[in-house]
Amino acid sequence: MRNLVKSYLPAIATIKAKQEYRGEKIASGWEWTVKLIFTLSGFIAAIAANIFVKQIADVEIKSYNVGAFLLTFNDLYRLVLLAIILLYAAIGIFSYFDPGRRAKFISRAPFRLAVGIGLAVWDILGTKLLLLPQPFFPGPAKILEAFLIESGFIYENMLYSLRLFFVGFTLGVIFGIGTGILIGWFPKVYYWVYPVLKLTGVIPAVAWMPFALTLFPTPFSAAAFLIVICAWFSIAALTAQGIQSTPKWQFEVAKTLGAKTPYLVFRVAVPHAMPQIFTGISNANGFAFTTLVMAEMMGQPGGLGYYINLSKVWSAYYKVYASILVMAVLFSIIMKIIAFIRAYMLRWQKGWVKE
Amino acid sequence: MSRNLSAADIILRIENVNRTYYDNSDNHVEALSNINLNVYRGEFLSIIGSSGCGKTTLLRLIAGLDKPESGSLILDGEQITGPDPERGYVFQHGGLFQWLTVEKNIATGLKARHVYRENKEKVKNFIELIGLNGFEKAFPHQISGGMAQRVAIARALINNPKLLLLDEPMGALDSFTRADIQDKLLQLHRENNTTMILVTHDVDEAIYLSDRVVIMTPRPGKISEIMEIGLSHPRHRGGSEFLSIRRSILEKLQLASAMPQPEYNI
């Protein structure tokens with residue numbers, strides 16, 4: 001450990017010098033310690049509130065068999081909080097060795113403290129005292145009960161959504177870039193197709209739901225179709241714009257080097273359009289989440305949207321929240337992955353590369 | 001330098017070339033008017049003139065990026081009809097592809113002609129030749145303007161062109177980098193024996209590099225004079241012969257400007 005720290009020290013010194021040069025403040029070890037305690041204490045307070053505040057309101061707390069253990073929703077809630085604490089402790093310690101990461105960790109500490117305290121207050125009001133209108137606003141621990149009751153079912157629905165998104169979005173990206181290239185490259189295609197694209201592009205994809213359900217053999221393919229068209233429009237329009245805005249000199253350079261049309265399209269125009277293509281993909285990503293959930297709520301045999309609908313019928317609002325929680329995590333991860341691919345593909349752009 | 005130039009040594013023949021640009025109103029600009037020029041194999045030719053004299057237009061016609069209204073451009077007995085890798089072109093601003101690394105930019109010509117696989121070594125050689133070892137994986141925005149121009153020159157030369165056309169490639173560089181690239185160009189010219197045509201508005205540069213300097217005048221763009229630079233290499237920019245050639249070109253450029261100019265005697 002000592003050697004590890006030692007080997008880091010010169011690196012820290014150079015980064016420190018760089019930051020000083022840029023006029024940035026360097027967080028001291030002392031500040032880091034305080035902010036680590038800040039980060040963790042909120043969640044510790046949430047656990048403490050759950051353990052030590054007496055259950056005053058009359059709430060039925062059932063135990064569920066999880067493997068060899070009997071767990072109540074309070075147990076699961078504490079376990080989740082403990083996992084968060086351990087995770088942040090690990091991130092905090094890891095960040096100590098890099099001034100950049102350290103600064104980032106420190107800057108987010110107050111927010112994390114607020115989240116922890118917020119959870120504690122919510123727990124007390126929602127579960128311990130039952131002061132919030134029920135069943136619409138269950139406490140945080142109660143929401144986790146959904147996972148104790150039917151984690152397998154939630155998991156299945158999550159996979160359904162994931163599959164639907166993956167199939168629809170991938171096809172949407174492929175068709176979108178494909179038609180975008182055609183529209184951008186051939187003036188004839190632009191003339192005949194672009195107005196149609198512009199007109200139909202403003203229509204929310206779910207409006208096609210009645211047709212989709214009758215035209216496609218399965219509900220899955222119907223919903224996939226909706227996601228395809230919602231991704232398609234935005235990506236095709238931006239790809240076409242990107243292709244058309246390629247400066248003439250770039251084609252001239254390639255031509256004097258012996259390039260023929262396929263090279264001009266796929267090695268000059270498409271790479272030049274890549275930043276715009278990714279803007280299209282990011283936009284489409286947001287539309288696709290909306291379309292996905294709405295399609296699932298309107299007639300799918302599975303998916304997180306379907307799960308929300310099903311739970312609402314039984315007034316099991318804590319399950320609705322559970323589904324929303326899964327969506328938040330899942331969609332964030334998908335967006336992170338797309339952002340990561342984008343950063344890699346556009347690493348040639350100025351400003352993307354960090355010193 | 002004594003040269004015995006004969007018709008057999010002519011690589012490019014430009015005959016009675018005219019090019020006029022029209023805009024939306026009835027205005028038109030005679031960019032090139034009755035241009036006749038022979039370029040000899042292996043020579044370094046500069047075209048110099050004030051802006052608007054049509055020198056870049058002429059270079060674009062040779063590259064095949066533009067077409068003459070009348071007249072013909074004949075390279076080794078064949079009419080120029082469009083761009084071709086046998087005529088390398090270096091753009092004013094380098095024109096590197098921002099999304100390709102130095103290495104891949106240089107390899108563009110090989111990849112475009114589908115001969116990359118058998119010529120991989122060539123890319124390495126050129127990187128060495130232009131002194132960019134260690135920058136193979138760098139993107140254009142990460143290297144200096146001088147480096148970028150060297151990459152652009154290497155990229156044009158990798159196809160072994162009969163002609164290398166240079167459109168003010170050093171125009172935007174500081175004087176040290178400029179001198180450095182000029183020497184690099186001379187070295188490449190000597191080693192590959194490529195015929196080079198340079199468009200510039202820098203008189204010193206033209207004298208330093210060229211075997212012949214073509215002086216052009218604007219409105220309409222035409223050739224006013226072709227000067228033979230008989231100095232041996234390496235040339236000294238401060239040498240008396242150099243300076244006298246410089247003076248005479250400047251005089252000609254001034255005389256050549258068709259519009260009557262007010263004179264300032266200081």
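Two strands are taken to pair if DSSP finds at least two bridges between them, and strands (E, at least two residues) and helices (H or I, at least four) are DSSP runs numbered from the N terminus. In the model described here, B:Asn18 stands opposite B:Ser70 in β4(B). The model is predicted, so that local features need pLDDT of at least 70 and side-chain atom pairs count only at pLDDT 80 or more, whereas totals for chains, interfaces and linings use all residues. Residues are numbered from 1 along each chain as its sequence is written, and chains are lettered from A and ligands numbered from 1 in the order in which they are written.

Strand β1 (residues 10-22) of chain B and strand β4 (residues 70-75) of chain B are joined by five bridges in the antiparallel sense. Both belong to an open sheet of four strands with antiparallel pairing, in the order β2-β1-β4-β5 of chain B. At its edges are β2 (28-40) and β5 (78-79) of chain B, each of which pairs on one side only.

A further open sheet in chain B has six strands in the order β6-β7-β8-β3-β9-β10, with mixed pairing. Because β6 (87-90) and β10 (222-228) of chain B stand at the edges with a single partner strand each, one side of each is left without a neighbour in the sheet. From one strand to the next the twist averages 20°, where angles run from 0 to 180 degrees between N-to-C directions and axes are lines fitted to C-alpha atoms, for helices over the stretch in contact. Strand β3 (residues 44-48) of chain B runs parallel to strand β9 (residues 212-217) of chain B, with four bridges between them; B:Ile47 has B:Val214 as its bridge partner in β9(B).

Residues are in contact if their C-beta atoms, placed from the backbone, lie within 7 Å.

Helix α2 (residues 102-112) and helix α3 (residues 120-129) of chain B pack at an angle of about 130°, with their axes 10 Å apart. This angle makes α2(B) oblique to α3(B), since angles under 35 degrees count as roughly parallel, over 145 as roughly antiparallel, 65 to 115 as roughly perpendicular and the rest as oblique. The contact involves B:Glu103, B:Ile106, B:Ala107 and B:Leu110 of α2(B) together with B:Lys122, B:Val123, B:Phe126 and B:Ile127 of α3(B). Six of these residues are nonpolar, none is polar and two are charged (Ala, Val, Leu, Ile, Met, Phe, Trp, Tyr, Cys and Pro count as nonpolar, Asp, Glu, Lys and Arg as charged, and the others, Gly among them, as polar).

Chain B is divided into domain 1 (8-86 + 162-256) and domain 2 (97-160), with bounds from an automatic or database domain assignment. Their C-alpha centres lie 25 Å apart, and 13 residues of domain 1 of chain B are in contact with twelve residues of domain 2 of chain B. Helix α5 (residues 175-192) of chain B gives the most to the domain 1 side, with six residues.

The contact between the chains takes 14 residues from chain A and 19 residues from chain B. On the chain A side, α9(A) gives the most, with six residues.

Technical notes:
Two residues are in contact if their C-beta atoms, placed from the backbone, lie within 7 Å.
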